[in-house]
Structures are given as structure tokens and as C-alpha cells.
Amino acid sequence: MLYQELAELYSQIEGTTKRLEKTEILSKFLKKLSDEDKDVMYLLIGKIYPEGNEKEIGISTQIALKAISKSNGATDSKVLEMWKKIGDLGKVAEELSKQKKQTTLKLVGKLTIQKVLENLRKLPELQGKGTISLKLLLITELLASASPLEAKYLTRTLIGDLRIGIKSSTIREALASAFFSGDARKQASEKIQNAYDKLSDLAIIFELSKKGIEHLEKVSLKTDKPIKVMLAQKALSIEDGFEKCGEYLAAEYKYDGFRMLINKKNDSVDLYTRRLENVTKQFPDIVEVVKKNIKAKSCIIDSEIIGYNPKTKKYMPFQAISQRIRRKYEIDRLVKELPVEVKAFDIVLCNDEDLINSPFEQRSKLLKKIIKSEKYKITTADQLITNKVSKVREFYEKAIKDNQEGLILKNLNAPYKPGSRVGYMLKLKEELRDFDLVITGAEYGTGKRAGWFSSFILSCMGNKKDEYLEIGKVGTGINEKEDEGKITFKELTKQLKPLIIAEKGTSLQVKPKIIVAVTYQEIQKSTNYSSGYALRFPRVNVLRPDKPLSEITDIKEVEDAYKGQKKK
Ligand code: AMP
């Protein structure tokens, strides 16, 4: 298949904001897609492998910019200037490619999907000296033979910003509409979602959808694929928790750490964050513990990882260990300085048996059976099963005293629903005034902070997909000097630079990617920001590299918090 066909599809999908139309267009395309070209499914969401694979394209805008200038015979400064004006590197590549065509009349339009994937997949393999020039070569080769439309989407794919407004639900609906009709379609849509939540591999889901509903139904969990984790809803009170969970419920400590999925098959262990990022390399200590303390040939375990001070053995808040998720060097030192403990709380597969539909109580019992608890290495979550409000209250207070965030209340009879925010687990925590927000803009600092970004625009999620609403500006909570666990201006600047979309004077707009947990004193109504609200005295608490964009605070939560605050 030619890449031009995919580029035209992207363009059509981008051309409409209507979800139904997007689904229709995609459905037509999928009907014609052959099994041979099934890896196009990854490209549809801007990826080259299924989710959970640690190999990502990872090209900075700077390298992409260089490749664009090289492949079009333009200077870097010209490309930079166009980029600042247009604000979309993809469109810049398209524009330049159009101009080039008139003068050089190269043979374009022959780029195959295979060739594109081949080159893109070589990118994450390159390491060490000379990497950048090799990467440039691979990208320039593609761009030089691309049509203007191809250049646009290739560039956007490279920098991880496809901007066509496609959600996984659109893909699910399109698959259902392409291969099923009538009553079967609605049923298929659900089955496709279930299968995807278990496998996280769109190419396989495409093949199975084509084969028929019974093939989707047969999908079972696999230890070499991460599943999407089940998400928690809020409990308004302990009474509310009982109402939603039933007469008896399980209350567990809500640990202040980060989520980790542990996939084990014999001696092979894979670790994933809730964003399905593979973090096995960063946690050799956990791999060891899993091999030693989990008595099962194969399993998929859901857990929270918490850090403790190696000297005092006191548990520490998430921010202290957050750097362990990202850092890929000096791992041995970090393992010693920032040790972690696994708090296992659920199991969805054990010795090849799929437990997703078994009741939580049963899964939890099994978990306790197969884990050899060892303090500061791995233990199961502290748990209380009760039908009494007063007992839960005592347990909650104990959790807070032990420096944890509160409780998670669980329905004892419920199955595990991957990827869903269903009411089978509810979080009960003190109303801390904090939001998870994404940085969408920045400003250059002056004086001591010259050369760094020193002020950051924060946004929450809007009502529509890809809509981010500004809610304030923050400069506090970030350090000038290195200090373990705290983010510095230098580091944040480094992370944001490759994400710049547009620049005006000293203000910049950046691609929404970096998520920060922000505390604040009060929410006010405001006309200064697009959300209609502003945070008073916001302070960056910690970066949340483990959270996906889809889980940041949305405008509804902001409104609720504003109303709640007025009531008090
Ligand atoms: P939140 O991130 O505020 O939505 O709270 C839900 C998160 O709490 C989960 O995604 C887990 O990462 C975390 N958590 C901590 N302890 C537990 C537990 N015992 N059971 C389930 N989730 C837990």
C-alpha cells in the first residue's frame, strides 16, 4: 500500500470535526485494508508498534526541522521562520514540498507504508555516537520522496503530534461499522473494546474483527501485552461507598505512589505504567523481587509502587521517587538511593487462567496466597473487609496517620474492568486542593532565570477531545538549584523545548504533554483564562510522567471544586 493513501485518509479525517463522519471515512478505509497492511493500524494513532512497546519514534522538533530543511534544500532559519508563522511543522513541510516540486520535479508518490515503517522503526534502535546524523539520514530519505501531503503527515508522525482528532472510540466504531451490520454492530463495538483493553494491539484487533465476533470473544489476556488498568471513581463519603459497593466492602490503603502492572511468565518479567509504558529497565529491583517472591508461573498483577527512605525506612510521597520512572541511566545508584516497595492489590491472570470475571474477593485471596510478603520488597495492600461505617472510618484515619492518601473502597463481587472508570473501586481521600494539569505555554525568564522558562501556563481538559482550557500561570514549586525529588527550571525547560509549537516575543505555546500535580489555595472566576477560572497561588508539586493526558483534571472537576468551595 502506498503511504499517499494513508495521507489522504488522515487529511479527510482531519477535514471534519464530526465524529460520525470521521467514523464513516475510517470505516470505508478499513474495509479495503488487507491483512498484509495491518500495521497501518498503529500509524493511525501515530505509533509504529502496539502500545506497551518501549520503542517509540522519539524525534525532537529540532531534528525534524533539520530534516525538513535538508530534504527541501532550504536553510534551517527559513524553516524556523515559517514554523513560527504557521505554528505547525507538518504544514511547513507540506508547503516547502509544494514549492520544491515546481522546481525539481522529482519522482514522488512511490513511498510505500512498508518503507515508511521500515525507516521509522530503525529510529529507536539507534544509539550512541553518530546517532543524530543517522536519524537525519533515515528521515530525510523519506521526506525527500514524499508528496506534499505525505510530508505533512510524516512530519507530524515524527514529532508525535498527528492532530487529526481520532480517538480510540472512533477506531472501535469504525471497525464495528466496517465488519458488522444491524444488531451485531452494537454488540461488536463492545466486544472490540473489551478485546482492545485486554490486548492493547490495534493490528490484532483489526484482524480479529475481520474474522468475526467469536474471535473477538475468545481474546484472552497475554503476559506479553499490557492491559489497560481499571480506574477509580470518587466516593463522596463512607456511606456513599457502602451504597455503591454493597453490604460488605473491602477497604484498602490508598498508597501515594504510582501504578504498576507486573506481567510475569516464567523468568521473564515486564513492568508497565498506567500509560502502558514499559519501565522494566528502570526497575531491576522489582524484577528481582517478582522472580523471588511471587509463586506463580505466569501472572498479571496490579499494584502501587511506593518509595521509602533507605536509612529511616519511612515511606515517602510520590514526588520523592518520581524520577525513577523516567531516568534511564545510573539506575543502580537510584535503586539504592530511592528504594521502592510493591503494594500488590489485584491479580487478573494466574498460571494462564484469566481471572477478569472472577469476583474481587476471590482474586484478592489468591493474590495473598501467591505473594510471599517481605516488608520493603513486596506485600499485599493493607485491607479490611467490613460492613461497618465506623470500622472504615477508623481504618481511614490509620491510613492518614501512616502518611498515605486515604482509602480505596472495593466491591467484593465485582469483576476487573480494564480501562474503565467503573464504580468497582472508589477513592476516598481528603479534599486536598490539587489538580493534575498540563503545561500548554511558557515564558522565558530574566535575571537569574535567564535562558530558562520561568513561568508556565496550566490547562485542564475541556469538554471536547483535544481541547485544553487555560486555568492559570505558575512559577512556584520549581527549583533553581538541583534538589532530589524537586523539578528544576533547567530540567523543565529541557523537557518543554522540543514541544514548542509557536513563539511570540518571550511567550511560547507548547504541545500539551508535560503533566504536573498542582496545589492551590482557591479557585476564582476569571476572564483572563479560557476555562473561565483562575487558580490563586498555584504551586507545582511534582511532575506526573506516569499519568496519561486523558486522566488530567477536566473542566467539570474544576467547576465542582469551585462550587464545593463556595458551599464551605
Ligand atoms: P487517583 O489517581 O486519584 O484517581 O486514584 C486512583 C489511584 O490510586 C490508582 O490508579 C492507583 O494508582 C492508586 N492506588 C493506591 N492504592 C491503591 C489500592 N489499594 N487499590 C487500587 N488503587 C490504588
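These questions and answers cover helix packing in a predicted model. Local features need pLDDT of at least 70 and side-chain atom pairs 80 or more, while totals for chains, interfaces and linings use all residues. Residues are numbered from 1 along each chain as its sequence is written, and side-chain values use heavy atoms, without hydrogens and water.

Me: Is helix α2 roughly parallel or oblique to helix α10?
Reply: Helices are DSSP runs (H or I, at least four residues), numbered from the N terminus. α2 (residues 19-32) and α10 (residues 168-179) pack at about 55 degrees, axes 8 Å apart. Axes are fitted to C-alpha atoms over the stretch in contact, and angles run from 0 to 180 degrees between N-to-C directions. Under 35 degrees is roughly parallel, over 145 roughly antiparallel, 65 to 115 roughly perpendicular and the rest oblique, so α2 to α10 is oblique.

Me: How do α7 and α8 run, roughly parallel or roughly antiparallel?
Reply: The axes of α7 (residues 113-122) and α8 (residues 131-144) come within 9 Å. They cross at roughly 160 degrees. That makes the pair roughly antiparallel.

Me: Which residues in α8 does α7 meet?
Reply: Contact means heavy atoms within 4.5 Å. From α7 come Lys115, Val116, Asn119, Leu120 and Lys122. Their partners in α8 are Leu138, Glu141 and Leu142.

Me: Which residues in helix α12 are buried?
Reply: Buried means under 20% relative accessible area, with a 1.4 Å probe and protein chains only. The buried residues of α12 (202-211) pack against α2, α3, α10, α11 and α13. They are Leu202, Ala203, Ile205, Phe206, Leu208 and Ser209.

Me: Which residue follows α12?
Reply: Its phi is positive, near 135 degrees. The residue is glycine 212.

Note on methods
Helix = DSSP H or I, 4+ residues; strand = E, 2+ residues; numbered from the N terminus. Buried < 20%, exposed > 50% of the residue type's maximum accessible area, 1.4 Å probe, protein only.
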